Amino acid sequence: MSFGQWIRDQIKLSNINNVAFAIELSVSENTVSSWCNDKTKPRMESFFLACKLFAKLQAVDENTILTEAKLFYAWSTTCNSGPLPAQWSESTISLSIATSS
């Protein structure tokens, strides 16, 4: 699953639409569409705001959402295809994000 697909799934699980999501994050609907279609990725501020919003709307722990988001973000940034390897861990995520900056 790509990061864009993950965002689409989270929006659906949160029972909101792209317009409401865009408004909550103070970005345009086109920006959200670009994220969902893997054309661009959110800036860090929007990334963390999105995770916080998803956690709130889904009534789940923010760290759970954030960890999952980092997995898909790192995987799609480094490899951009194929399924997420089961062996990926929190340490792999940190390394991938640090090396892609």
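Predicted model: local features only at pLDDT ≥ 70, side-chain atom pairs only at ≥ 80, totals over all residues.
Let me take I7 as an example. With its neighbours within four places in sequence set aside, I7 is in contact with F21, W35, C36 and F54. As general background, nonpolar side chains tend to be buried together in soluble globular proteins.

I turn now to the helix pairs. Two packed helices are described by the angle between their axes and the distance between the axes.

For α2 and α4, the angle is about 120 degrees and the axes are 10 Å apart. The two helices are therefore oblique to each other, and their crossing is right-handed. On the α2 side the contact is made by F21, E24 and L25, and on the α4 side by S46, L49, A50, L53 and F54. The residues of this contact comprise six nonpolar, one polar and one charged.

The second pair is α2 and α3. Here the packing angle is about 110 degrees, with the axes 8 Å apart; α2 and α3 are therefore roughly perpendicular to each other. From α2, residues N18, V19, F21, A22 and L25 meet E29, V32, W35 and C36 of α3. By class, that contact has seven nonpolar residues, one polar and one charged.

Thank you.

How values were computed: Residues numbered from 1 in each chain as written. Heavy atoms only, no water. Contact = heavy atoms within 4.5 Å. Axes fitted to C-alpha atoms, helices over the stretch in contact; angles between N-to-C directions. Helix = DSSP H or I, 4+ residues; strand = E, 2+ residues; numbered from the N terminus. Parallel < 35°, antiparallel > 145°, perpendicular 65-115°, else oblique. Left-handed = near helix turned anticlockwise from the far one by under 90°. Nonpolar A, V, L, I, M, F, W, Y, C, P; charged D, E, K, R; others polar.
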